[in-house]
Amino acid sequence: MVVEREIVGFGPSGRNGGWVSPKIAGSWGVYAARGGSDAVLRAERTTYQTVDEIGSVVDREGIDCGFAKAGMLMVATSSPQASRLHAELDSARRHGIGEDDLRLLQRGDVDELVHLRDCQVATFSPNAARIDPARLARGLADACDRVGVAIYEGTEAIDIAPRRVRCREGTVTANHVIRATESYTTQFPGEALRYLPLYSLMIATEPLPPDVWTEIGWRDGLVIGDRHHLFFYAQRTADGRIAIGGRGAPYRLRQPIQEAAERDAAVRARLEATILRQFPAAAGAAITHHWGGPLAVPRDWCMAITYDPGTGLGWAGGYSGHGVVAASISGRTLADLVLGRKTDLVTLPWVGHRTRRWEPEPLRYLASKAIVRVLGSADRYEDRSNRPARRCRLLAPVLPPS
Ligand SMILES: Cc1cc2nc3c(=O)[nH]c(=O)nc-3n(C[C@H](O)[C@H](O)[C@H](O)COP(=O)(O)OP(=O)(O)OC[C@H]3O[C@@H](n4cnc5c(N)ncnc54)[C@H](O)[C@@H]3O)c2cc1C
C-alpha cells in the first residue's frame, strides 16, 4: 500500500528535468571511503544499468513517457569550465571509467549531436536517456495498480513508526514501513535538518517547428548541460519543446518548502538567456511553462538507503538532483533488503550510509544563500574574465566533497 499526501507525481518525480542520468547521486570520495574503489565502480555501473532498467520497465508496462536514450552531453563554454570537465574526466579514469562510458568531444564532434553556439569542448556519455517525468510517475502508478498495489492519494502520513503509519483517516499496520518522502522528510518532527531543501527551477518553450529543430540539430533523446557552477540541464521534449532548468533560488527561512519558491524571476531570466545564447534559432519561441521543486541535499551530498529488519522500518533518499535513477535503485534495493535477498544491490556503498545533519537555522539557510550567491557571482566572473573564480573555495565546507 502507498499513502501519498497529494497525487502521484506531485513531488519532483513528476516535475523534474527528465534526465535519466548516469551521474552517481553523491561523491566518489565519500563512497570510496566506505566501500573502497571497487564499490564505487559497482555503484557507477549500477547507475548505467538502471538507465536501461527504466527503459525496459517503460517498454514492458507500455508507459508512454517519451523514453529515448541518446546520451548526455556536458559542455564547457569557458576555460575554467573546460578545466572542470578535464578534471572530471581524469577522476573518472582514476575510478576505472573508460572511453566507452565517458569521452571528450571537440567542438566539431559536438556539432554531430547538436549545434550549440557556445561550446569549447564537451564530454559525452552514452548512458543517459530522456523521459517526461510526470508521465513516467503516473505510468508506474498504473503498473503498480495492475499488480494489486493500493495507492491512497490525498492521504498524509502524520506519524511513521515501526509496523504502523498514522494518517488522519486511520492507521495502517504493516510488517514493513518505508519512508520515501525525499525533501518533504524535513517536514516530519525531528527531521528538519536531515536535508537542505535546494530549489531547482525550470522553464519550457512552446513546441518548436520542424525547421527550427533542423537548425538546432539536436539529436532526439540527448540531454545537455553545461559546467557553469550554476549549471543548466536541458532536454528536447517528446512534444518538441526545449525544457531547461537550473538552480539559484534560495528557500525561505520560515517555511523552507512552499509553492512561492517554485518560480523565480532571476532564474527564469538566466534560463531564457541560456536558450538565446545556445539555441538562437529558438529566439522567438514563447516560454509557456515555469515551475520548480525542492531537492533533498544531505550534509555530504550522498544518498542513503537504510532498512532495519528488527523494526521493519526503512527509508531512502538524499538524491541531490539525481533521483530518477537513484529512486529506482533505492526501490529495488529496499525490496531486496525487506525480502532478505543477498544481491549486489544491498552491498553498494550508499546502503547504510550515515550523514550528519545540517547545522541549525539560521546557519543552514545562510549556507543555502551563500551557495546561490557565491556560485552565481563566480559564474559571472568566469564568463567575463575566462579565469577560474577562487571565491568558490569559500564554499568548500558546504559543497559536495570531491
Ligand atoms: C526542477 C527539478 C528538476 C530535476 N531534474 C532531475 C533530473 O533531470 N534527473 C534526475 O535524476 N533528478 C532530477 N531532479 C531530482 C528528482 O526529481 C528527485 O530526486 C526525485 O524525483 C525524488 O523522488 P522521490 O520519489 O524520492 O521523491 P518525491 O518525488 O519528492 O516524492 C515524494 C512524495 O512524497 C509525498 N509526501 C510528502 N510528505 C508526505 C506525507 N507526510 N505523507 C504522504 N506523502 C507524503 C509527496 O507529495 C511526494 O509526492 C529534479 C528535481 C527538481 C525539483
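View 1. Strands (E, at least two residues) and helices (H or I, at least four) are DSSP runs, numbered from the N terminus. Please keep in mind that this is a predicted model: local features need pLDDT of at least 70, side-chain atom pairs count only at pLDDT 80 or more, and totals for chains, interfaces and linings use all residues. Residue numbers start from 1 along each chain as its sequence is written.

View 2. Two strands pair if DSSP finds at least two bridges between them. Strand E13 (residues 223-226) runs antiparallel to E14 and is joined to it by three bridges; one to look for links Ile224 with Ala234 in E14. A hairpin through five residues takes you from E13 to E14. On to strand E15 (residues 242-249): five bridges join E14 to this antiparallel strand. Find Gln235 opposite Ala243 in E15, and Tyr233 with its bridge partner Gly245. Five residues lie between E14 and E15 in their hairpin, and Gly240 in the turn has a positive phi of about 85 degrees.

**View 3. Eight strands line up in an open sheet.** Follow the order E4-E5-E3-E13-E14-E15-E12-E16, where the pairing is mixed. Why is one side of E4 and of E16 left without a neighbour in the sheet? Strand E4 (103-106) and E16 stand at the edges, so each has a single partner strand. From one strand to the next, the twist averages 25 degrees. Helix H6 (residues 265-278) lies across E12, E14, E15 and E16, at about 140 degrees to E15. Helix H8 (residues 363-385) also packs on the sheet, where it touches E12 and E15, and its direction makes about 40 degrees with that of E12. Such angles run from 0 to 180 degrees between N-to-C directions, with axes fitted to C-alpha atoms, for helices over the stretch in contact. Contact means C-beta atoms, placed from the backbone, within 7 Å.

**View 4. Helix H7 packs against its surroundings.** H7 (residues 323-338) has 16 residues and reaches 21 Å from its first C-alpha to its last, close to the expected 22 Å. That expectation is 1.5 Å times one less than the number of residues. Among its buried residues are Val324, Ile329 and Leu337. The buried residues of H7 pack against strand E2 (19-20), helix H1 (28-60), strand E11 (177-179), strand E17 (304-308) and strand E18 (313-317). After H7 comes Gly340, with a positive phi near 70 degrees.

**View 5. Residues gather around the ligand.** Which residues come nearest to the ligand? Of the 36 around it, they are Gly11, Ser13, Gly17, Gly293 and Gly323. A residue is near a molecule or strand if its C-beta atom, placed from the backbone, lies within 6 Å of it. H7 gives the largest share of this shell, four residues.

Terms used: Buried ≥ 20, exposed ≤ 12 C-beta atoms within 10 Å, placed from the backbone. Contact = placed C-beta atoms within 7 Å.
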